[in-house]
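Please prepare a briefing on the structure shown below, grouped by topic and with the cut-offs behind each term.

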Amino acid sequence: MDFNKLCPAMPKVELHAHLNGSLSRSTLLELKRFNADTGVTDTSDAFLDEFQIGAGDTRNLSDCFQVFNIAHRLTRTPGSLALATTLTLKEFQDDGCCYIELRSTPKETPFMTSRQYIETVSETLRSNAHLPIKSRLIVSINRNSSIKEAEAISELTISCYKQYPDVIVGIELSGDPNIGQFEDFVPSLTKARCAGLKITLHCGEVCNPKEVLEMLRFRPDRIGHGVCIHPNFGGTQETWDALCKFQIPVEICLTSNVNTKSTLDYNSHHFKELYNANIPVIICTDDKGVFSTSLSQEYRICADVFGLQPPQLAKLASNAVDYVFADEEKKSIKEKILNFINKNGLECMS
Ligand SMILES: [Zn+2]
């Protein structure tokens with residue numbers, strides 16, 4: 001089986017996908033129609049062409065964060081947010097994804113409060129629980145939040161978690177890595193962790209060994225990206241040793257890192273160092289809409305660039321299940337992937 005057939009057909013889990021960054025062009029257009037039909041004006045017309053970031057894009061990492069505002073303008077009402085969630089869920093399902101943890105920062109708009117934002121996404125995921133794709137929500141804290149705002153989101157998430165224990169699984173820290181400092185968010189994250197929520201952190205997107213070390217020592221359940229941890233990529237021996245010691249699973253987003261120039265190109269991506277050192281890795285998309293990618297495309301790129309054979313790629317998909325936040329779903333997802341592996345003779349011999 002060649003990778004073009006294998007990657008979409010193989011059941012996969014997606015553990016790092018921002019809702020607004022995942023909106024495809026067709027979803028953005030559908031949202032525009034929906035908003036027009038419901039009488040909500042939006043000013044996104046001129047900006048749709050700026051939504052995608054390709055390889056060699058001249059915008060820097062901070063500029064890249066601006067594109068999310070385009071999606072935010074289209075998801076300001078509960079109706080449009082619910083539609084965006086449903087369409088995105090189905091796109092992942094069509095791509096062979098059998099479990100997804102969507103993440104999003106609750107946003108207050110003229111049409112809804114932050115609580116209504118979380119409730120809308122949670123209700124939508126719950127109402128789609130009958131689909132083959134199983135879904136959960138991770139609530140994001142943006143690094144440009146004040147300490148007070150972060151605490152409010154943490155408390156809101158804990159409260160919503162009690163309302164939607166079948167949907168909300170975790171809390172995460174994201175946003176422009178050049179803004180804010182991790183230590184300010186530790187109290188909010190700790191509170192969420194004590195309430196039973198899992199933690200994932202965008203970690204090491206830019207060179208900042210001091211912060212990377214603080215993050216790793218916080219012992220999150222997973223980290224995103226982990227670019228600048230190995231000494232060859234702007235980390236230090238100390239940051240690398242900490243990751244190896246704690247074995248914190250890393251959500252790998254190949255195209256995102258290349259297109260935002262966090263990584264020079266696919267060949268020099270730190271996936272290789274992590275994989276060779278047996279650090280748990282999970283292939284993810286980050287923002288499939290912004291980077292014009294899909295989860296199966298990321299698997300295919302990974303196999304092509306790093307010379308993985310089909311059984312090794314299938315093993316990556318199967319291992320990823322060990323790091324999902326919804327423990328109650330692990331068994332059935334694992335079975336689904338292992339059945340696929342058995343049926344297609346993809347067992348790893350080594
Ligand atoms: Zn991300």
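## Strand pairing and overall fold

The model is a predicted one, in which local features need pLDDT of at least 70 and side-chain atom pairs count only at pLDDT 80 or more, while totals for chains, interfaces and linings use all residues. Residues are numbered from 1 along each chain as its sequence is written.

**Overall dimensions**

- The protein contains 15 helices and eight strands, and its C-alpha trace spans about 60 × 45 × 45 Å along the principal axes.
- The radius of gyration is 19 Å, which agrees with the value near 20 Å that a compact globule of 350 residues would have; the radius is taken over C-alpha atoms, and the globule rule is 2.2 Å times the number of residues to the power 0.38.
- Of the 350 residues, 51% are buried, a residue being buried if 20 or more other C-beta atoms lie within 10 Å of its own, exposed if 12 or fewer do, and partly exposed in between, with C-beta atoms placed from the backbone.
- Among contacts between residues at least 6 apart in sequence, 75% join residues at least 24 apart; two residues are in contact if their C-beta atoms, placed from the backbone, lie within 7 Å.

**The sheet**

- Eight strands form an open sheet with parallel pairing, in the order β1-β2-β3-β4-β5-β6-β7-β8, and two strands are taken to pair if DSSP finds at least two bridges between them.
- The edges of this sheet are β1 (12–18) and β8 (281–283), each of which pairs on one side only.
- Neighbouring strands are turned by 25 degrees against each other on average, direction ignored; axes are lines fitted to C-alpha atoms, for helices over the stretch in contact, and angles run from 0 to 180 degrees between N-to-C directions.
- Strand β2 (residues 97–104) runs parallel to β3 and is joined to it by six bridges, with S104 opposite V139 in β3.
- β3 and β4 also pair in the parallel sense over six bridges, and L137 stands opposite I168 in β4.
- Strands β6 (residues 222–225) and β7 (residues 250–252) run parallel and are joined by two bridges; G224 has E251 in β7 as its bridge partner.

**Crossovers and burial of the central strands**

- β2, helix α6 (residues 114–127) and β3 make a right-handed β-α-β unit, a crossover being right-handed if, with the strands pointing away from the viewer, the path from the first strand over the helix to the second runs clockwise.
- A right-handed β-α-β unit is likewise made by β3, α7 and β4, and the chain then crosses from β4 through helix α8 (residues 186–194) to β5, again in a right-handed β-α-β crossover.
- Seven of the seven residues of β4 are buried, so β4 is largely enclosed by the rest of the structure, and β3 is mostly covered, with eight of its nine residues buried.

**Core and helix packing**

- The largest nonpolar core has 101 residues, and those with the most contacts inside it are V13, L137 and I252; such a core is a set of buried Ala, Val, Leu, Ile, Met, Phe, Trp, Tyr and Cys residues joined through C-beta atoms within 7 Å.
- Not counting residues up to four places away in sequence, L137 touches L102, V121, S122, L125, V167, I168 and V169.
- The buried residues of α14 are L313, A314, L316, A317, S318 and A320, and they pack against β1, β8, α13 and α15 (327–343).

**Loops and backbone angles**

- Most residues other than glycine have a negative phi.
- D286, in the loop between β8 and α13, is not a glycine but has a positive phi of about 75 degrees; D286 is buried, with 27 other C-beta atoms within 10 Å.
- S292 is found in the loop between β8 and α13 and has a positive phi near 45 degrees, but S292 is partly exposed, with 17 other C-beta atoms within 10 Å.
- G307, in the loop between α13 (295–306) and α14 (310–320), counts as exposed because it has 9 C-beta neighbours inside 10 Å.

Terms used:
Helices (H or I, at least four residues) and strands (E, at least two) are DSSP runs, numbered from the N terminus.
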